[in-house]
Structure formats: structure tokens, C-alpha cells
Amino acid sequence: MHYFLPTKRLRYLLLSLLLSGFFLNFIMQAASFNMNIMSALGWISEFYWLYLFGSLFFFFVLLAAAAIFPNIYAGMLVAFVGCIFLAIADYKKLNTTGEPLFPWDLMLIKNAGEMSRITKGMVSPFAVILAVILMAGLVWLIIKLPKLKIQLWLRFTYLVLSLGIIWGFGLMVAGQHTFASAIRYQNIFWNQKVNYTQNGFLFAFTGNLRQNLIEKPENYSRETMMEIAKKYSTLPDKASVTAPVEQPNIVYMMDEAFFDPTRLPTYTFSEDPLKYVHAEEKISPSGFLLSPEFGGNTANIEFEALTGMSMYFLKDGSIPYQQKIVKMSSMPSIVSILKDRGYRALAVHPFDDTFYNRNRVYPILGFDKFTSETEMQNDERITPEGYISDKAAVKEAIDELKASDKPTFLHLVTMQNHFPYVKGPNGPNTITAQGVDPEYKDELETYVQDSKLTDEALSYLDQELKTIQRPTIVVFWGDHLPALTAGIYEQAGWDNNPRMKHETKLLYMANFDIGKQPMGTLSPAFIGPSVFSLTGQSLPGFYKLLEKVRAEIPGLNKNVLIGTSGAITNLSASQQALLNDYRLVEYDMLEGEKYSQSLLF
């Protein structure tokens, strides 16, 4: 009988693992509450069963790791530190973008080196030093602790038991088992912030492991999709201009974290950082882009602009590039539409090509060539510490257009204005800000300096367009507002203004006449049809559907809907019907049978 009982030392180890499980679960939840300890304790008092079972899950994770490693203390430490890093990542992402950590975010681990460059300056030297000291202390403790021998059969028993419970936990949560409901777990996929704060990090994170991008509409069928295709494909084209003699080049320039800082009330600047943009928008089509994101998730804005699909219909926290498109063989987009019309399709991004799986997603969307930072001929940086400048990226795009003997679609995604906004990487600040708290002054002035450099790059682009023989149109927009310290937006009164926190600059430029009509506020999904209209090109059925939606609801965002005369509080029956059709097509292409691919594209 004694043969099956753990030794006294092993019992102490199991107790320490159990207590560590409760501690880890508490830290995870505190991170979801912005490290507010009282809020975490309040959650535990209300959802005690979720806390209990979550803590037991972490206990078995630690136990499995202890059983795998020859040194059980090392195994326990590796698992413990790994969980702590998840909590830190959740906390940092919440503070940067306002969103919690999702399973698909872990795909960026392969870009750890590039991530360290992106986040340079965001982690204090004190925190780094403290982490190194703590790690050294833990290693020392492992070495000094007395060796604990566990018989092989007992290790195997612990490992099989732990893995079985971990697997069962995943099935219970992902499958919404009745037991999960009994302990008050509810998968609130439509609001991920609430999902994480109500269910706890562990349950919410696990529940997202088997999440579809979009729920299946009740009336989805082949017949329904054929009716939708017939309804919109037969609509007439409404081009706003006569088509140029030659097929025009079309350039998308999505600029990292670019918006108009002069829109921030309470702040004044020593000079206008956007002299060119403010002059050009008076003589060219311009307006605002209603970004589906704030502070990050660039790939989602890109997804909308290239595919015409809207993040409005997708579940909170979705990243289609990483969750779905990377697994597909093809996906209709403006790229594939234009290629069918004889275009070359090029993409340029002055950073690592594997970020958001672009190196795998771009061929699926139809791109012929993808030039990343390692292949760029124009890779100048303002300082060695900075990203490749917007002006260098523009030069690369111009060179590609001039070298092409065919009409070209070129998609340029810049990096110059990426956070952190610390003085130095993009040269000295030449603009001063007034009315800002001293603690935010350097950060705001650095961002404004960055936007000035982008303005100069656009002025350069305008001059270079005149040297291109083929008619060429450029659509420029900022992907999302910058991840500035929250206090900067709070001082400006934007902390609770969803429209202002999602509107970036949108500008159309061309070397031929495209008019100067205002574009208003536009979602990225509608950029493709707008370009086709401005260049006199015929619209595929899907773009005709988008034009119908745009005419009613040009701004589609989960936080705010924008109509032709302002924010929409209640959708009309016709508007809801349009969105239902749009949702059906999007479901069909992303999760359904793809009936629309041959009918609408």
C-alpha cells in the first residue's frame, strides 16, 4: 500500500504545484483587468467555480511539465515562466490595442526577433533587469534544491493523467459542454473584452481555439446565394468618369499608424505637420477611413481593403489572415479581379515578410511578387535605429511601376510610423506641441514629427507620379490610429469617442483627372469599388453589392455606424437587408461553400 503513496517530499511538491496553479490563474485574471487586484478578487468572488477549475488546469499543466523534465523543478519552472509570459503578453496587448491576447496571436512567436524591434523602448530597463535577476534566482534555486527522485511509472502516471485532464478541459470548453455551463462559463464570442473579463483568461482563451470567423446565417443555401448574385450582378455600372485610354496603374498605400494629429483638440503645434495633405485634399478626392481597428492589427485593415470583406461581421478579435486565409488555396480580391483584366500584381512591405503570414497569404490573394525589406533596393532609414522610411518605400513603389510594361496593381504597406514613439529613430523632432502634459510631450512631438515625414513622402510621390507615362491612381490611407499613451487621447477628450478613435486620413492622388469630390468617411472594404468608379472600370457583381452598401452605410464599424449624413443609431429595414446580403456573401466565401466565387467575382 505504501508503494502507491507519494513520499513526504513529493507531497510538498504537489502542494506547491497546486498553490502555484491558483497563483497563476489569479495573475492571468489580474492581467485581464489591467493588473487591478481588487477587480480580480471581485471576479473570483463572483465566478469562484471558474477560478477553481482554471486553477486546477494550471496545476495539471505544471504537473505535466514536472513529469516530462528529468529535473522536476526545471519542468515546473519552464511551465510557470511560460504562463507568466502569457499574462504579460495579455497585459501589454490590452494596454497597446485595447484587446486581450488571442490564440492566433501566438503565431507571431516565430517573429520574436522582429517583435523585439517593434516593442523596443516600451519595456523599461528596470523591468528587464528585474526579470534577469528573477530568472537567475530561480535557476540558482533549482540547482540548490535537493534532488527529488520519482519512479518512472509514477512520472508516467502523472503525465498521462495531466494530459488527459488538459485535453478534456479543452473539449469541455470548446464544445460548450453542459458542465461548462453549470460552472457559469458562457462563450461570449461577440464581445471578446467581456468574454475575457467574465470567463477569465483561461476559459476565454481556450474557447477561442476552435472559433469560426463568422456564424452561419440561418438562410444560407445555394439558392439564396444565386438570388443574391442575380440581384446585384444585373445592376448597372455607375462609373464617375470616362475610362482612361490606357488601363491605369492602381496603387494602394496603406501607411502605418497615420492619422491627422491636428484633429486632436486642446493641442496646438508650432507648424502644420501635414502641409501637403491639407493642400491636396482641397483639390483631390479625400475624406476619412473608418478603420476597424485601433492601435494595431494592421492585417485586418489590409484584409478589408484587398478582399472587400468587412470585419464588421466577424467575431471580435478575429485575424482572418492567420485564422483562415492562410489555409485556403485562393481568395477572390481586387488582386485577382485585376489580374483577370491583364494586370500585374505586386506587394511591397518594408519589414519581415512572415508577419501576419503575408508571405503565404499574398499568393493566395493573387499577388505575383512580394518585395519585403530584404529584397528592397530602396531601404534607406532616417537613422540606423529606425524603420525603412516612407520616402524609401515610395521610391521602391515608383521604381516597380516604371519597370513594368503592363498595367500594375501595387499594394504598399509602410512601417516608418510604427510605435514606440520615442525620440531618435526618425531623427530630431522639429515641431513642438503646446497644451500637452509634460509627461506626454516628447511622445506626442515624436509622433507629429513622424507624420510630417510621411507628408513629405507624399509630396515626393505626387511629383513622381507626373513622371510615369501610364495613367496612375494612388489611394493613400492610415491603417489605424497610433498606439499613443492613453493619456494623450484622454486629455484630448477622445477616450470615449469611437468615431474619432477610428478615423484616419484617406486621400486619392492621380496623374490624370479624377475630380475632387469629397469621399466622406469610408470603410476599407469600399476602397476597391471607389477606385473602379474613379477610373471608369466595370464593377463585378460583388463590387456592385459593396456600392449599394456604401451608398447607405459608408462606414461599417462594430463601435459606430456612419451613414451619408452622420452616425446611424438605428438601421432601417432596407439597410438591414443590405447588410444581411453582405453577411451571406462573406460567410459563403470565408466559411461556406464559395458559391459566390463563380457568381459575383
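These legends walk through several close-up views of a predicted model. Residues are numbered from 1 along each chain as its sequence is written. In this predicted model, local features need pLDDT of at least 70 and side-chain atom pairs count only at pLDDT 80 or more, while totals for chains, interfaces and linings use all residues; side-chain values use heavy atoms, with hydrogens and water left out.

**View 1. The whole protein, for orientation.** The protein holds 23 helices and 13 strands; these are DSSP runs numbered from the N terminus, with helices being H or I of at least four residues and strands E of at least two. Of its 601 residues, 56% count as buried, where buried means under 20% relative accessible area, exposed over 50% and partly exposed in between, with a 1.4 Å probe and protein chains only. Take contacts, meaning heavy atoms within 4.5 Å: among those between residues at least 6 apart in sequence, 76% join residues at least 24 apart.

**View 2. The nonpolar cores.** A nonpolar core is a set of buried Ala, Val, Leu, Ile, Met, Phe, Trp, Tyr and Cys residues joined through side-chain atoms within 4.5 Å. The largest one has 131 residues, and Tyr252, Tyr321, Phe409, Trp477 and Tyr508 have the most contacts inside it. Helix H3 (residues 48-68) supplies the largest share of this core, 12 residues. A second, separate core of 27 residues includes Tyr276, Ala393, Leu412 and Met509. Zoom in on Trp477 and, not counting residues up to four places away in sequence, you will find it touching residues including Tyr252, Leu289, Ile301, Leu506 and Ile527.

**View 3. Helix H21 against helix H22.** The axes of H21 (residues 541-552) and H22 (residues 573-590) come within 10 Å and cross at roughly 145 degrees; axes are lines fitted to C-alpha atoms, for helices over the stretch in contact, and angles run from 0 to 180 degrees between N-to-C directions. On the H21 side the contact is made by Phe542, Leu545, Leu546, Lys548, Val549 and Glu552, and on the H22 side by Gln575, Leu578, Leu579, Asp581, Tyr582 and Val585. These contact residues divide into 8 nonpolar, 1 polar and 3 charged, counting Ala, Val, Leu, Ile, Met, Phe, Trp, Tyr, Cys and Pro as nonpolar, Asp, Glu, Lys and Arg as charged, and the others, Gly among them, as polar.

**View 4. A three-stranded sheet.** 3 strands form an open antiparallel sheet in the order S11-S12-S13; two strands pair if DSSP finds at least two bridges between them. S11 (555-556) and S13 (566-568) stand at the edges with a single partner strand each, so one side of each is left without a neighbour in the sheet. S11 and S12 (residues 561-563) pair over 2 bridges, and Gly555 stands opposite Ile562 in S12.

View 5. Ser372 is found in strand S5 (residues 369-372) and is buried, with a relative accessible area of 2%. Leaving out residues up to four places away in sequence, Ser372 touches His349, Phe351 and Asp353. Thr446 sits in helix H18 (residues 438-465) and counts as buried at 4% relative accessibility. Beyond its neighbours within four places in sequence, Thr446 is in contact with Tyr421, Val422, Lys423 and Asn429. Gln323 belongs to helix H14 (residues 320-323) and, at 10% relative accessibility, counts as buried. With its neighbours within four places in sequence set aside, Gln323 is in contact with Trp104, Gln211, Leu213, Gly317 and Ser318.
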